[in-house]
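Please read them with the structure open.

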Amino acid sequence: MQVSADIFTARPVLADWYRRNRARSRALFDLLDPGVYYTRPISLRNPIVFYEGHLPAFSVISFLKRGLGHPGVSERYEALFARGIDPDTVQSAVPRSGAATRWPTRDEVLAYGAAADAAILEALEQAAFDLTGGSHAAMARGEAVFTALEHEAMHQETLLYMWRRLPYDSKHKPRDARYELDAAPPAPRTIAIPAGVASLGARRDRLVFGWDNEFGELAVSVPAFDVDAHSVTNADFLEFMADGGYRRRDLWDDASWEWREREEVSCPAFWIPESAEAAREPLAGGAWSWRGMFESIPLPASWPVYVSQAEAAAYARWKGRRLPTEAEFHRAAFGTPSGEERPHPWGAAEATPDRGNFDFASWEPVPAGARSAGASAWGVHDLVGNGWEWTDTEFAPFPGFAAMPSYPEYSVEFFDGLHVVLKGASPATARELIRPSFRNWFRTNYPYVYAKFRTVSPSKQVVT
Ligand SMILES: [Fe+2]
């Protein structure tokens, strides 16, 4: 977080962040052909039109209305564009804005967005802020401002993984889109992490802003373990598939197997078989491609594999290992041999492109280990950047959790035993969201997110 705790002097910085957010969102929607504007690239989600209205509407609701007590910009649009959805299956999906909704034209959505932007920027630059929370609890410590800003940044990542599901001929490939392809996968090796403490979460007085699920602080004793130095690559995962990984019942827990059977999952959602042989005999039988944002790409062996947590866990079992806990991830990423913890794997320096593939630096992953300046104190690569990392820790509150007034439903609806924590960052994660306490979460069988993984096992080292 580059914003100072003095939110009044930070007004120009916040306004600039809002403008950058809005420009990036606009650019993402402008990538698309108008013909797909009312389609749902992922069936469980709302149509694209919803999201272009949702971003400004949410900022109006959380910041102007809840934070400042101001009137909205359009009651109709702020009702229509209020909420997204996260149902388990298509059958149980009851979209708040369903198929019967009469959606506005894009011009109408853009006109609403422009009106919302004007009102929000005027408030960011000039409105009276009561940071005590005395008049509006949502504005205590400026919470509602950051809720609006970080919400839009987070949605940009969601948009990108939705856009990936759209037909290539419905997207305009930017001229500067290029990929880092030619690298051999790194040799597999593990790194021993000694027993120590992981300080999860954050203290409210130590962070300018955090989401409610980041508070309070929780110290966890982590026994010694060893961890893959590199995230699992497409080449690694191909071996799992060649060994019948998707057909071996013993590698899957009951719920994951039921999902795999029901959805007939036989390869990562980011892979495309280029021949029937590829699907039948993964190693011997011909080509796979990567489902790129703008075109399919012959499967890059050295890129991290993007899969659901269910597939990641099956791979780990096949290796005789398991997925890390949230605390193990934290210790591998932010812990040091001296016992200090650092704000980033690489130390205290800023999140720059040489340290990780994040902040929209690339449309695609880069080879595992290609950002070695971002390795952790233990020498573990890519913990922050190049794809979120699945853990096997259920998404649950830390001690002292309190729902945030500016967005009370943000976390609590997902403390249901069905979601697990992801940590780190992906190529589409804004740099403002990169901090040790930030937590992402998804259902274990959600296959579309930019999420990679690595495996761990109890350390064989005997510590004397
Ligand atoms: Fe949202």
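1. Strands, as named here, are DSSP runs of E with at least two residues, and helices are runs of H or I with at least four; both are numbered from the N terminus. On that basis G216 belongs to strand β3, which covers residues 216–222. The peptide bond from F215 to G216 is cis, with an omega near -5°. Please keep in mind throughout that this is a predicted model.

2. Next, the metal site. The iron ion has as its protein donors the NE2 atoms of H54, H151 and H155, lying 2.2 Å from the ion. Along the chain these donors follow the spacing H-x96-H-x3-H. H151 and H155 are both in helix α5, four residues apart, about one turn of the helix. H151 has a relative accessible area of 3% and is buried. H155 has a relative accessibility of 14%, and it counts as buried because the cut-off is under 20%.

3. In soluble globular proteins, nonpolar side chains tend to be buried together.

4. What does F63 touch, leaving aside its neighbours within four places in sequence? The contacts of F63 are L68, I120, A123, L124, F129, M139, A144, V145 and A148.

5. Two residues in the loop between α9 and α10 deserve a look. L323 sits in this loop, with α9 spanning 309–318, and P324 lies in the loop as well. L323 counts as buried at 3% relative accessibility, and P324 counts as buried at 4%. Not counting residues up to four places away in sequence, L323 touches Q309, A312, A313, A316, E328, W390, T391, D392, F453, R454 and V456. With the sequence neighbours again left out up to four places away, P324 touches F329, W390, T391, D392, R454 and V456.

6. P324 and F225 are 99 residues apart along the chain, and their C-alpha atoms are separated by 9.4 Å. L323 and P365 are 42 residues apart along the chain, with 21 Å between their C-alpha atoms.

7. At 6% relative accessibility, D382 counts as buried.

8. How many cavities of 30 Å³ or more are there? The count comes to four. The largest cavity holds about 70 Å³ of space. Its lining is made up of F329, F334, P343, H344, P345, V384, K423, G424, I434, R435, P436 and F438. Helix α10 (326–334) and strand β9 (419–425) each supply at least two residues of the lining of this cavity. By class, the lining of the largest cavity has eight nonpolar, two polar and two charged residues.

9. Last, an open site. The second largest pocket has a volume of about 580 Å³. Its lining has 25 residues, of which L207, P343, I434, R435 and P436 lie nearest the centre of the pocket. The elements that give two or more residues to the lining of the second largest pocket are β2 (196–202) and α10. Strand β2 gives the most to this lining, with three residues. By class, the lining of the second largest pocket has 11 nonpolar, six polar and eight charged residues. P343, I434, R435 and P436 are named both in the lining of the largest cavity and among the residues nearest the centre of the second largest pocket.

Definitions and conventions:
Residues are numbered from 1 along each chain as its sequence is written. This is a predicted model: local features need pLDDT of at least 70, side-chain atom pairs count only at pLDDT 80 or more; totals for chains, interfaces and linings use all residues. Side-chain values use heavy atoms; hydrogens and water are left out. Contact means heavy atoms within 4.5 Å. Donors are N, O and S atoms within 2.8 Å of the metal (3.2 Å for Na, K and Ca); water is not among the atoms, so sites may look incomplete. Buried means under 20% relative accessible area, exposed over 50%, partly exposed in between (1.4 Å probe, protein chains only). On a 1 Å grid over the protein atoms alone, a cavity is a set of points where a 1.4 Å probe fits but cannot get out, and a pocket is an open set with protein on both sides within 12 Å along at least five of seven lines; lining residues have an atom within 4 Å of a point. Grid points are joined across faces, edges and corners, and a volume is the space filled by probe spheres set on the points. Ala, Val, Leu, Ile, Met, Phe, Trp, Tyr, Cys and Pro count as nonpolar, Asp, Glu, Lys and Arg as charged, and the others, Gly among them, as polar.
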